[in-house]
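Dear colleague,

I am handing over a structure for you to look at, and below it you will find an account of what came out of it. Please read the account with the structure open beside you.

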Amino acid sequence: MATAIALLVLWLPIVTLCYVGWCLVSPWGTCRRCAPGGKNRTCRACEGTGMRPRLGWQLYVYFRRLHRDGTR
Ligand SMILES: [Zn+2]
């Protein structure tokens, strides 16, 4: 059990780093709501573009804005 926890603790930062890198390489993912049937012009989640920003990218944009507003 202790080995599993140690492995998890070791892997967590690696997985997080990989996810952050992935978000930076391709910040836009496909829209889950209309991806199976292709683009849907009436889709509200992606406004008809079929692309949605990833959660990590949204967080990055949010914190960047927070930082910019805080340091102005
Ligand atoms: Zn959509």
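A word used several times below is "buried": a residue is buried if 20 or more other C-beta atoms lie within 10 Å of its own, exposed if 12 or fewer, and partly exposed in between, with the C-beta atoms placed from the backbone. Helices (DSSP runs of H or I, at least four residues) and strands (runs of E, at least two) are numbered from the N terminus.

Please keep in mind that this is a predicted model, in which local features need pLDDT of at least 70 and side-chain atom pairs count only at pLDDT 80 or more, while totals for chains, interfaces and linings use all residues. Residues are numbered from 1 along each chain as its sequence is written.

As for confidence, pLDDT is the predictor's own confidence in each residue, from 0 to 100; its mean over the protein chain is 85, and 92% of the residues reach 70 or more. Among the elements, strand 1 (residues 28–30) has the lowest mean, 84, whereas helix 2 (residues 55–71) has the highest, 90.

The protein chain holds two helices and two strands, which follow one another from the N terminus in the order α-β-β-α. Its radius of gyration, taken over C-alpha atoms, is 17 Å, whereas a compact globule of 72 residues would have a value near 11 Å; that rule is 2.2 Å times the number of residues to the power 0.38. Along the principal axes, the C-alpha trace spans about 50 × 40 × 20 Å, and buried residues make up 4% of the 72 residues.

Helix 1 (residues 2–25) has 24 residues, and its end C-alpha atoms are 35 Å apart, which agrees with the 34 Å that it should span at 1.5 Å a residue; the expected span is 1.5 Å times one less than the number of residues. At W11, shortly before the proline P13, helix 1 has a kink of about 30°, where the bend is the angle between axes fitted to the seven residues ending at a residue and the seven starting there. The count of buried residues in helix 1 is zero. L24, which is found in helix 1, is exposed because 12 other C-beta atoms lie within 10 Å, and its C-alpha atom is separated by 8.8 Å from that of G56, 32 residues apart along the chain.

Helix 2 reaches 24 Å from its first C-alpha to its last over 17 residues, close to the 24 Å expected, and the count of buried residues among them is zero. One of its residues is D69, which is exposed, with 8 other C-beta atoms within 10 Å.

With best wishes
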